[in-house]
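Hi,

Here is the structure I promised to pass on to you. Have a look at it first, and then read my notes below.

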Amino acid sequence: MSNSRRTTLLISLLVALHLPVILAGFFAPYDYALQDRDLPFAPPSRLHFVDQTGAFHLRPFVYAWKQSPLGDAYEEDQTRMFNLRLFVTGAPYAAVGVWTSRLHLFGVEAPARVFVFGTDGFGRDEFSRALYGGRISLLAGFLGAAVALLAGGALGIVAGYYGKWLDTVVMRLVELFLALPWLYLLFAVRAVLPLRIKTTDAFLLFIGVVGLVGWARPARLVRGLVLSAKERNFVLAARAMGASELHILRWHVLPQTYRTILTMAALLVPQFILAEVTLSFLGLGVGEPIPSWGNLLTELQKYNVLVSYWWMYLPAVMLVVLFLAYYWASETLEERFATVSS
Amino acid sequence: MISKVALRVFHSLLLLLGVSVFAFALLSFAPGNFFDELKMNPQISPETVASLKVQYGLDQPLPVRYVRWAASVAHGEFGYSMSYRRPVASLLWWRARNTLLLATLAMLLAWTIALCWGVLQALHRGGWIDHSSRALTAVLLAMPELLIGLLLLLLAVRTGWFPTGGMTSINPMNTGFSTKLWDITIHLFLPVVALALGAIPVLVRHVRSAMIAVLESPFIEAARGHGIPRWRLIWRHALPAASNSLISLLGFSIGALGSLSLLTEIVLSWPGLGPLVLEGVLARDIHVVMATVMLSSLFLLVGNLFADLLLYWADPRIRAVGP
Amino acid sequence: MVVDQNNQQNATQPLLAVRNVTLHYAPRRFFGAARPTISAVQDVSLELFAGKTLALVGPSGSGKSSLARCIPLLEQPSAGQILYRGVNLSTLDRKTLKTVRREIHLIFQDSASALNPRLTLEEILAEPLVIHEAGRTAGTIRKRICEAMEQVELPEKWKSRRPLELSGGQRQRVAIARSLLLRARVLILDEVLSALDLSAQGQIANLLLALQTHHQLAFLFITHDLSMASLLADEVAVMRAGRIVQRGSPAEVFTVNLQSTSSPLLRNSPSRETVPATLISADK
């Protein structure tokens with residue numbers, strides 16, 4: 001398909017994947033901490049269009065789960081139908097900043113609950129947790145990538161443009177940081193801090209560490225770009241016209257770096273999302289009760305969960321789909337920028 | 001040539017030194033450590049904690065501690081683990097051996113598959129093999145190591161074909177060599193596959209693009225025009241030409257050997273450096289964590305050094321041009 | 001302000017004077033023996049007058065381009081002075097130097113590399129105004145750009161095109177338009193016609209001559225094309241290995257002294273046949 005159609009498709013895909021996570025409160029039917037001790041590890045609710053009598057309903061409905069008489073599985077309680085409704089009023093959540101809302105995209109009438117992804121060990125809706133958790137992981141990835149790119153980019157520009165000893169110092173630092181395997185370094189820094197820290201602290205910490213670890217490669221790339229841009233004739237021409245160094249930086253040198261930075265961002269964001277997920281999975285990142293994709297997947301380390309409760313894998317599936325989208329985005333960007341000569 | 005090699009080695013040593021200083025400084029800024037946990041234990045008196053501190057030499061100023069630590073490292077000693085109550089070195093070496101074993105086997109597997117698959121894709125470029133392969137690699141690439149490990153674990157549990165963790169399941173004392181070998185192999189299988197699956201996508205992409213670039217070059221066209229049979233063409237002419245860019249990739253692979261398997265080891269319970277460093281972090285056992293960081297850095301540096309040397313040796317142009 | 005803004009020039013006063021300029025390159029080495037310094041330019045003196053063209057010819061590597069870069073102080077000469085309207089450029093502070101720089105414009109041979117490929121023509125042409133005349137309204141800027149494009153005979157609707165969409169000759173026109181917008185008084189033309197085909201060469205040469213007459217510009221025309229030099233120049237200087245080895249009118253330099261140091265140049269020059277017959281057979 002044509003280039004621009006592909007781009008539109010890609011952008012819409014990315015938006016479609018990110019939107020539910022960003023607006024988690026609206027898309028999630030329930031709060032992430034809402035427990036139901038009567039329904040641990042309930043499977044996803046089944047959507048029906050046809051009831052027991054064989055009648056067809058336009059509006060889908062669900063049955064509530066109840067424990068089977070033997071107590072070892074769930075079966076549907078077919079005594080009552082709960083219609084799936086759109087735009088329901090539910091628990092309040094913070095929509096934007098301090099403005100709260102009670103509007104949710106879908107839901108069912110109380111006392112039943114609709115579990116798109118089933119429930120976890122505490123009877124909490126996995127779907128809601130996955131959306132809220134995605135928020136944390138995505139935010140960590142984006143902010144981490146932003147810090148790494150800003151720090152790396154700034155240092156790369158300084159090193160490339162002002163050169164000489166500044167360049168040497170920065171490049172030696174880059175080598176040093178590239179010699180440290182980043183996951184181990186992440187661990188090491190995490191080890192330095194107390195085990196139990198507030199979620200916000202853990203979050204900020206993660207971003208700081210990832211920036212500390214991740215700045216080196218962007219810095220080297222940007223420096224290379226700046227070095228080659230510096231020598232170009234149009235920079236000489238501008239200088240000959242009397243342009244100040246600041247002007248040259250802004251008009252001629254920096255624009256050469258934008259494309260590479262964007263391509264790098266498409267690669268770094270998933271990498272850092274994964275780093276946050278890994279840390280949380282191992283119990284070193286965001287902790288209970290705040291969900292993150294990492295600690296949602298921690299449950300899978302338990303034997304019974306691993307084997308019997310397939311819906312607990314679903315957050316990982318979300319992750320994979322998201323990464324595929326980013327992967328596609330970075331390939332598209334690379335192709336696009338490679339064909340436009342510079 | 002020798003001088004270049006020496007320079008490179010010296011450079012790596014300097015980097016290693018820098019890494020050690022950095023790691024040490026970082027870990028010394030710990031606002032709390034093993035002893036804080038101890039202090040919270042009401043059964044242990046503050047005096048005991050204090051004397052323990054002196055015993056472990058933790059009351060000395062920073063540079064002194066670094067020098068002492070560095071000196072002991074040079075002797076192969078990595079300090080003392082508080083939580084294991086053993087010298088870290090005794091913990092380290094056999095774990096490192098296990099990690100290396102796992103990583104090396106996984107790399108060999110990954111490279112073998114990647115080479116064959118990549119060449120295949122390059123030969124049938126644009127065909128259905130190529131497209132489906134690229135889709136498959138994309139999915140593999142998008143799957144986190146975590147998930148691959150968990151899925152393989154699931155496979156092990158469901159089928160019962162493989163053990164779910166550890167390195168051995170039998171008493172090593174009274175079993176024959178071949179039984180022991182089989183036992184280890186069976187335990188190795190899943191982690192090796194998990195690691196390889198994680199590494200293959202990146203490798204195969206590079207192999208494919210390197211092969212495509214070579215296959216399109218004039219000298220291959222000429223060789224084909226001479227009637228050289230296809231397989232000979234690939235193995236004797238094309239692959240060696242493509243090896244240039246692949247060698248640096250190989251170097252990176254080697255360098256990553258120490259750190260690649262961290263997560264997989266934890267998920268699949270392989271007794272390597274991974275679980276060790278995790279326990280160290282959870283127990284705030286600083287020496288353990290620092291030692292593993294240093295060791296994996298060492299692997300990385302050695303790998304990169306090896307890669308550079310390989311490149312010097314393989315590509316005559318670089319030798320001619322100079323540093 | 002130290003520089004004399006008065007446009008009425010005494011005809012005997014050079015607009016730009018290069019006095020005993022020398023440029024050394026000393027390659028940096030940390031280890032090993034220090035390499036001998038390379039003298040790109042040695043003790044060169046030139047004078048440029050308003051409304052007149054000085055052609056600087058010589059084989060490649062003779063230092064012409066290095067000298068060209070010294071003049072607007074893109075390279076710092078190791079010795080000597082560049083005097084613009086009698087003022088030594090090295091003595092000026094940054095702000096004044098910036099103002100002076102707009103009057104001395106350097107145009108490169110490789111037009112594609114001299115223009116930022118990411119910018120549109122409009123942005124490229126707006127740049128001089130942005131640098132020097134802050135505070136202009138967008139409307140004034142647009143007007144000035146249109147005027148400049150007209151003067152170099154480029155259609156106005158090409159404003160939104162990018163340099164790589166134009167031909168070599170058209171790009172040189174853009175570069176010339178840029179110098180007009182700067183209100184440059186001195187143009188250093190470094191092999192500007194060499195990369196163009198013959199018809200484009202003629203057109204650009206004519207354009208330059210027209211602009212020179214109209215605005216009384218001083219040209220330093222650097223080239224290895226002797227026929228062009230003889231057609232355009234009022235005076236010729238021959239450069240070799242960093243030094244000026246001969247100076248005079250085109251007729252003097254190109255035809256008479258066949259035994260002189262410029263003769264290898266003549267002998268090896270492929271355009272020798274195009275030197276006007278009148279000049280060759282002139283009896284001096």
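Let's start with burial: a residue counts as buried if 20 or more other C-beta atoms lie within 10 Å of its own, as exposed if 12 or fewer do, and as partly exposed in between, with the C-beta atoms placed from the backbone. By that rule, 34% of the 323 residues of chain B are buried.

Before you go on, some housekeeping. This is a predicted model, in which local features need pLDDT of at least 70, side-chain atom pairs count only at pLDDT 80 or more, and totals for chains, interfaces and linings use all residues. Residues are numbered from 1 along each chain as its sequence is written, while chains are lettered from A and ligands numbered from 1 in the order in which they are written.

Back to chain B. It has 15 helices and two strands; these are DSSP runs, numbered from the N terminus (helices are H or I, at least four residues; strands are E, at least two). I also looked at contacts, where two residues are in contact if their C-beta atoms, placed from the backbone, lie within 7 Å. Of the contacts in chain B between residues at least 6 apart in sequence, 73% join residues at least 24 apart.

Next, where chains A and B meet. Chain A puts in 32 residues and chain B 42. On the chain A side, α4 (164-178), α5 (182-192), α10 (255-281), α12 (303-308) and α13 (314-339) each supply at least two residues. The largest share, nine residues, is from α5(A). Sorted by class, this side of chain A has 29 nonpolar, one polar and two charged residues. Here Ala, Val, Leu, Ile, Met, Phe, Trp, Tyr, Cys and Pro count as nonpolar, Asp, Glu, Lys and Arg as charged, and the others, Gly among them, as polar.

Chain C touches chain A too: 20 residues of chain C are in contact with 16 of chain A. On the chain C side, α4(C) gives the most, with four residues. The classes there are 10 nonpolar, four polar and six charged.

Last, some strands in chain A. Two strands pair if DSSP finds at least two bridges between them. β1 (48-50) and β2 (56-67) of chain A are antiparallel, with two bridges, and A:V50 sits opposite A:F56. They make a hairpin with five residues between them, and A:G54 in that turn has a positive phi of about 95°. β2(A) also pairs with β3 (74-83) of chain A, again antiparallel, over six bridges; there A:F61 stands opposite A:N83.

Cheers
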